[in-house]
Structure formats: structure tokens, C-alpha cells
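Dear colleague,

I am passing on a structure that you have not seen before, together with some notes on what was found in it. Please look at the sequence and the coordinates first, and then read on.

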Amino acid sequence: MSNLQETVQNREELFQFIDTDSITSEKIIAPRYSYWRSVFRVFFRKKTSIVMLALLVFILLVSFIMPSFWPYDPFENVTNAATYSLTPAKAMDYFGGFSFKWLLGTGAMGNSILYGIVSGARTSLLLAVICAAINMTIGIIIGAIWGYSKKFDSVMLVVYNIIANVPYILLITVLVYVIGSGFWSFVFALTVTGWLSIAYFFRTQVMIIRDREYSLASRCLGTPVNRVISKNILPFLTSVIVTLLASELPSYISMEVFLSYIGVGLSANVPSLGRMIQNAQSAFLTYPWQFWPPVAVASAITIILYVLGQNLADASDPRTHM
Amino acid sequence: METTKKEVLLSIQNLDVVFGRGKKSFKAVSDVSFDIYKGETLSLVGESGSGKTTIGRAIMRINPCSAGAIYYNGEKISGKLSRKADREVIRKIQMIFQDPAASLNERATIEYIISEGLYNFHLYKDERDRIAKIEKVIRDVGLLPEHLTRYPHEFSGGQRQRVGIARSIVMEPEFIVADEPISALDVSIRAQVLNLLKKFQNERGLTYLFIAHDLSIVRFISDRIVVIYKGRIMEIAETEELFSYPLHPYTKSLISAIPIPDPIIEKSKRLFVYSTDLHDYSTEQPALVDIGNGHMVYGSPSEIEKYKAIRFGG
């Protein structure tokens, strides 16, 4: 019995009391989290992001720098019928030796296809970026207020129902006929009501977040509406915004191509991919070099922008940051 | 205790809260009246869906009152207010939320979350003063100033709830609505948060409306208890009075549901199940009646006589 007690006592000596320090237990040792740094880390982890980004940079550089060295004039050989629709080899023969200008042959009026594509790509990219910037900015601001304010909501729903029921193509067609078909009037036609559908989509997103508990807490602290929107709502919608951008940007390029194709696009003196495709479509079996290169470039730009946008949207979702 | 001598801070009078309109309308709170005295902790107890949170939110003016009024320091705060009065009430009445995960903005740093109210009311002289204020409050709740640059998802539930408390305390409020502040927390840290609330009450003379469904916690923290069932007040009494003499059958059922930390007693415990069939209100109209000693019970005149007999002997 005494033996047993001794062992127990000895056992107790093996243990000793340690003071707990409540402050050290509060310490967080994980590295600091930064939202945007994590976004870029996840974005560049994907190989497709790097490849697509390199391709985009290449296309941007070529289409924005080269037109000043390669001025495109669709009517430069219009008086010389012998230059019409020549294959690359024949064109180089005709114009005397190898030249980048005739690398893709000539168009239906003796114009350089390569120069046309380069200048057209610039127009398409500019159009996409400008239209997306205008529509997204107006759409997000209006959509945020629309989703937050119940009074504004009832007014805007009526406006939306009226305008959204007018066929979009019809509206653009009429606008292009009325205000002309220059670059800026085309931008105007695409943005005058284009923001409305973005705003409507955004309204729904805002409504989902509006009544969450932390927004309620902000209300109890008397936070003004603009700060609730900028601090409580928009940061949660970053990935939604980027996803939207990923589908909006290429859609303007397709829109331009489509509208030019049906004949209400940019005017003939503005180089554009859509215009080139439309000009070549009737002869794409006989003169395939006039048709496929602009189609390929337009598709490539659309695909690159879409893939990049999707990768960025994935990366901007904080659930992928772990 | 003589309750009549105390100063009434918040008074709710015949409050009704109705959600929806017409046929679909649902009356969440009906004819609720009670006073909260300065410096006390009043607990609102009832089962889920009994309207506790709705009353708390009506005080915060998140839910509009359909009828009745709420007075704060003698001034009406329900319905439309002037901008100045509105700002004043927002600053003086703060809320602590139930879910510490949902009530903090996940995309804002702790510094912004705690400073939010300070920014809104410009309650600081300059940047240094603001930093000093939030550093003091974060130490007061037992966190570290280095946490200020962190995001809510990096904290445990108890730490988050303390951030929530810091956010309301930094406003230097007079009255705090604590909406089940510990029900989402682990049992091991509940006491920590409750002690923190008590500490602030002692230091700053705060008044709490404590909303809970757990009577054992309520007994620890509150001075008076309001028992509510389906949007109606069943009983109001001081804490010990209520636990010694639970009169309304619903209160009895709540008290019988408190777990006893002894398996033998717990097993043989008789659970009291409440049902409205216990009452016969076909001939007599029930009302909330003061039966003396600050104890109010909801019942018909004959029931009240019975309750009085139980309470004061006879």
C-alpha cells in the first residue's frame, strides 16, 4: 500500500504547473493576408494565364504600334483592277519581291489584308475596351444604388421593362442610321442602353448582400449609404465584376463583327475586322486568304480575353486563396 | 428592491410588430410593454420565433413598429425622427449580434470594422487619437493591437465576438442590445464573453437588453427577466424572484428545461411541457398584471388570484 502511494507521489513529480498567458494565446502566427496579392498569386499559378497574357500583350503591341508604320488605306489600289484579289505569291510578284504588306495577299479592291487586320484589330480592341469601361462603370454605379434603394428600384424597374423590351439590334440599327456610323457614334450606340442589363444584373447581386448581418451592423453604426456600398457590398462582388468583364469584353468584339456583317457596323473608311469579314464572306471559297485571317484574329482576341477574364475571375474569388 | 425609484432609460409601450401585409401578415410581437432601468441588465427570454430578436431590432429601428412606441430617456425614438435626434440615438444605442461570423465584414480589416462608427460620427480629434482609441478598446476586450491589420476570417469565434463588442463599445454607448451574443460560441468561451460584458457594465454604467433562450446564462447575467411567448409577455420579475417563484406555466416549463449537471437528478427530472390548452380564456380576458414585488404575470383575473396565492402564501 505504501509502495503504491510512493509511486503515485513520484508520478506527480513528473508534472508541474505552468502559468497560462492569455495574451500569448491570442497571437496569430499565420502570415498577413493581402487580397490583391493573393489574387495575383492564384492567377499566375495557371499556365494558361501566362500564355494568354503573353499572346494578349503581343496582339496589343502589334495592333497599337504597327499601324503607324503600316498605314492602312483600303482604297490605295482601287483604280488598278489588276491588283484585285491576288494570292500572297501573286501579290508579291506584282508589287516586286517579298514584303510584309502582301504577306496575306490583296483584298477585293487591291487592299493589303495584313495591314487591314492589324488596323482592324486595333479598332476592335479599342471599341471593346471603351464600351466595356463605359457600360461597366455606369452599370455598376446605377446597379449598386438600384439594389440598395427601394424607392429607386420601383422607378428603375419601369424604365428597365420599357427599354429592355425594345430589341437591342433594332435599337442599334436605328441609332447607327440616325447618328452615322463613325467610331464614336458606334460607341454611343453600343453604350446608350448597354449598361442597363449590367445594372439589372448588378441590382440582384447587391440585393443578396444588402441584408446580410454585417450590413445591418453598419446600419446600426450609422454608416452612410455610399460607404456601405463601397466597403460592404462592392468588395464582395469583385469576382462577379471580373466574371462579367470577362464575358462583356469579347462580346463587343463579336457584336462589332456581327453588326458589320449584317451591314450596320462601322463605316467603310474605318478599318475593322467585322467589315473585312463581311467584304470577304461572299468569296470565301474562291479567295480564302481574304476571309480566314480576319476570322482567326477576331476569334483569337475573343478567346484570349475570355480565358484571361475567367482565370482572373477565379483568382479573385477568395475561396481559391487557401 | 424598490424599482419605482430607479430611472427609466428605455420604455417600450404597447409595441406591435407586424411583418407582411393583408392576409399574409404575421404579428411577431403583440402588445409588449416594459421598462428598462438605467444600469441594469434586462433579459428577454423565450423560445425560437417568440419575437425576442424582433423586439431588439425594433429598438435598433431595423424593424419598424406597427403600433405602440419606444421611448429613450423620455423621448420617442420609434417612427420618424429628426436627423439630429436620429444620429444621437444611433450613437447611444448599440447592438451586439448573434453570429460573430456573419456580423463582421469579411473584406475589411479589424481596424476598419472597429473604426467604422468613429468615422461616421467623427468621434476623434485626429488620426493619432483614433488609433489610440481603437488600440485601447482592442486591449480592453483582450485582443492585441497587432490584430488591427488582420481580417475577420483569421480569428476564432470568441475573438470575433470580442471584435463585435469592441466595435460597439468604442462608440461609448449608454445602452446595448445584445442579441444572443453567446449562443453561437463554444461553451468554453461563453464565460469569457459574459465576463467582458459585465466588466464594461461595471466600468461604464452600461444598460443591457440581453436576448437569450438559455435561462441558466440569463440567471448569471441579468437583474430582471422578461419571459416572452409567441410575441406576448408572459412574466416579468427580478431574476431571483423569477427563479424562486415561477408563476406562469410557460416560465415553469422553461426552468424545468435547464439541464442539471448531475445525471441521476437529470434523469429523474420531470419535464414540464407548456401548452396554451392550460388556460381557459373563453370567459375572462387575460392581461399582464402586477401582483406585487415587481412581479408581473399574464393571466385572466382568476388565474392571477391563483398566482397571488402561490406567491404570497395562503
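In these notes, a residue is called buried if its relative accessible area is under 20%, exposed if over 50%, and partly exposed in between, with a 1.4 Å probe and protein chains only. The model is a predicted one, in which local features need pLDDT of at least 70 and side-chain atom pairs count only at pLDDT 80 or more, while totals for chains, interfaces and linings use all residues. Residues are numbered from 1 along each chain as its sequence is written, chains are lettered from A and ligands numbered from 1 in the order in which they are written, and side-chain values use heavy atoms, with hydrogens and water left out.

**The two chains**

Helices (H or I, at least four residues) and strands (E, at least two) are DSSP runs, numbered from the N terminus. By this rule chain A has 14 helices and zero strands, whereas chain B has eleven helices and twelve strands. The radius of gyration is taken over C-alpha atoms, and the globule rule used for comparison is 2.2 Å times the number of residues to the power 0.38. For the 322 residues of chain A, a compact globule would come near 20 Å, but the chain has 30 Å, and its C-alpha atoms fill a box of roughly 120 × 55 × 30 Å along the principal axes. For the 314 residues of chain B the rule also gives a value near 20 Å, and the 21 Å of this chain agrees with it; its C-alpha trace spans about 65 × 55 × 45 Å. Buried residues make up 45% of chain A and 52% of chain B.

**Where the chains meet**

Contact here means heavy atoms within 4.5 Å, and on that basis the interface takes 40 residues from chain B and 27 residues from chain A. Buried area is the accessible area (1.4 Å probe) that two parts lose on being put together, summed over both; for these chains it is about 2900 Å², 52% of it on carbon and sulfur atoms. A salt bridge is a side-chain nitrogen of Lys or Arg within 4 Å of a carboxyl oxygen of Asp or Glu. The count between the two chains is one salt bridge, formed by A:Glu213 and B:Arg57, whose closest N and O atoms are 3.7 Å apart. On the chain B side, the elements that give two or more residues are α2 (83-92), β6 (93-96), α3 (110-121) and α5 (157-169), and α3(B) gives the most, with six residues.

**Salt bridges within chain B**

Over all chains the structure holds 18 salt bridges. In one of them B:Lys52 pairs with B:Glu180, the closest N and O atoms being 3.7 Å apart; because B:Lys52 lies in helix α1 (residues 52-59) and B:Glu180 in the loop between β7 (175-179) and α6 (187-204), the pair ties together parts of chain B that are 128 residues apart in sequence. B:Lys52 is buried at 4% relative accessibility, and B:Glu180 is buried with a relative accessible area of 7%. The side chains of B:Glu241 and B:Arg311 also meet in a salt bridge (2.5 Å, N to O), which links helix α8 to helix α11 of chain B and so ties together parts that are 70 residues apart in sequence; both residues are buried.

**Local points to look at**

Helix α9 (residues 249-256) of chain B is mostly covered, as six of its eight residues are buried, and what covers them includes β3 (41-45), α7 (215-221) and β9 (224-229) of chain B. B:Asn14 is in strand β1 (residues 8-19) and B:Asp31 in strand β2 (residues 26-37). Each counts as partly exposed, B:Asn14 at 43% relative accessibility and B:Asp31 at 43%.

With kind regards
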